[in-house]
Amino acid sequence: MTDSTATGTRMAPAVSALTEGYWRAAQHQQLAIQRCGACRRFVHFPEWRCPFCQGRELEFEQVSGRGRVHTFTIVHRTAAPGFGDHIPYVLAWVELAEQPGLRAFGNVVACPPQEVYIGLPVRVCFEEISGFGLVPNFAPDRQEV
């Protein structure tokens with residue numbers, strides 16, 4: 001069953017001067033997160049200043065893309081363009097391995113929604129959006145289970 005208002009072309013992410021490094025890395029199948037040159041903490045979502053030390057030297061750095069599902073929801077009805085043909089689907093916050101509290105947002109793919117659980121080991125994977133390019137998602141990391 002699909003929601004007819006949500007079928008069609010999926011909207012592309014909005015790229016800005018602040019997020020350009022994130023999306024550029026994704027086009028090379030890399031997950032890159034800002035890292036502060038002063039305190040060395042990772043910062044996500046992208047910021048102009050480090051929220052930990054107020055440093056301004058934030059550069060995108062490739063991370064492993066490995067983590068665990070921190071929280072998630074299973075979407076059964078959607079108005080999001082381009083997702084109607086994919087319901088049910090899972091949206092999750094994933095705590096990345098590089099730093100406690102460092103979380104990335106994405107879909108959990110490559111497994112039935114009922115198999116997703118808090119603590120599930122996942123690894124970044126990439127999905128192509130027509131007219132945009134690659135976007136990061138997460139799939140179960142079978143090596144960690």
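This briefing covers the cysteines and the strand pairing of the structure above. The model is a predicted one. Its disulfide count is 0. Strands β2, β1 and β3 form an open sheet of 3 strands, and β4 pairs with β5 and with β7.

**Cysteines**

- A disulfide needs two cysteine sulfur atoms within 2.5 Å, and the count by this rule is 0.
- C36 takes part in no disulfide, as the nearest cysteine sulfur belongs to C53 and is 3.6 Å away.
- C36 is also buried, at a relative accessible area of 0%.
- For C50, the closest cysteine sulfur is in C39, at 3.7 Å, which is too far for a bond.
- C50 is likewise counted as buried, with 0% relative accessibility.

**The open sheet of 3 strands**

- Strands of a sheet pair through backbone hydrogen bonds, in a parallel or an antiparallel sense.
- Here the order is β2-β1-β3, and the pairing is antiparallel.
- β2 (42-43) and β3 (58-62) stand at the edges and have a single partner strand each, so one side of each has no neighbour in the sheet.
- β1 (residues 32-36) pairs with β3 over 5 bridges.
- Within this pairing, I33 has E61 in β3 as its bridge partner.

**Partners of strand β4**

- β4 (residues 66-75) is joined to β7 (residues 121-129) by 3 bridges, and the two run antiparallel.
- G67 has V122 in β7 as its bridge partner.
- β4 is also joined to β5 (residues 89-96), by 8 bridges and again antiparallel.
- V69 has V94 in β5 as its bridge partner.

Technical notes. Residues numbered from 1 in each chain as written. Predicted model: local features only at pLDDT ≥ 70, side-chain atom pairs only at ≥ 80, totals over all residues. Heavy atoms only, no water. Buried < 20%, exposed > 50% of the residue type's maximum accessible area, 1.4 Å probe, protein only. Pairing = 2+ DSSP bridges. Helix = DSSP H or I, 4+ residues; strand = E, 2+ residues; numbered from the N terminus.
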